[in-house]
Amino acid sequence: VRDRLTEAGYRAETDESGERISYKIRGAELAKVPYMLVVGDREEEAEQVGVRKRGEGDLGAMGLEDFIDRLSSESEE
């Protein structure tokens, strides 16, 4: 996922620490990360990413290409 986002021209980081997901989400919110993508076993199996937007919360699961299209349309605005 990170490599595909980088190829599309976006900055992306991976948090592979052993912390709980709620702790990681809180840390990203405090760091004002605009989007967080959650990829667990369910998302990997469905070939999707869980999307969270700062200030809006959980946007649900979507395909990675759909998410990249969303970013592209937002940057055009």
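Predicted model: local features only at pLDDT ≥ 70, side-chain atom pairs only at ≥ 80, totals over all residues.

Begin by selecting Leu5, Tyr35, Val49, Val51, Met62, Leu64, Phe67, Ile68 and Leu71, the nine residues that make up the largest nonpolar core. Colour β2 (49–53) and α4 (64–76) next, as these are the elements that give two or more residues to this core, with the largest share, four residues, coming from α4. Then centre the view on Val51, which, leaving aside its neighbours within four places in sequence, is in contact with Tyr35, Met36, Leu37, Gly57, Asp58, Leu59, Gly60, Met62 and Phe67.

Move on to helix α2, residues 21–30, and show Lys24, Ile25 and Ala28, which are buried. Looking down the axis of α2, you will find its buried residues within an arc of 100 degrees, so they line one face of the helix. Their cover includes β1 (35–38) and β2, whereas the face of α2 turned away from the buried side carries the exposed residues Tyr23, Arg26 and Leu30. Following α2, select Lys32, whose phi is positive, near 60 degrees.

Finally, display the largest pocket, with a volume of about 1,200 Å³. Of the 25 residues that line this pocket, Glu13, Val33, Tyr35, Met36 and Leu37 are the closest to its centre. Which helix gives the most to the lining of the largest pocket? Return to α2, which supplies five residues, while α1 (2–7), β1 and α4 are among the elements that each supply at least two. Colouring the lining by class shows 16 nonpolar, three polar and six charged residues.

Key:
Residues numbered from 1 in each chain as written. Heavy atoms only, no water. Core = buried A, V, L, I, M, F, W, Y, C linked by side-chain atoms within 4.5 Å. Buried < 20%, exposed > 50% of the residue type's maximum accessible area, 1.4 Å probe, protein only. Contact = heavy atoms within 4.5 Å. Arc of directions from axis to C-beta. 1 Å grid on protein atoms, 1.4 Å probe; cavity = no way out; pocket = protein on both sides within 12 Å on 5 of 7 lines; lining within 4 Å. Points joined across faces, edges and corners; volume = space filled by probe spheres on them. Nonpolar A, V, L, I, M, F, W, Y, C, P; charged D, E, K, R; others polar.
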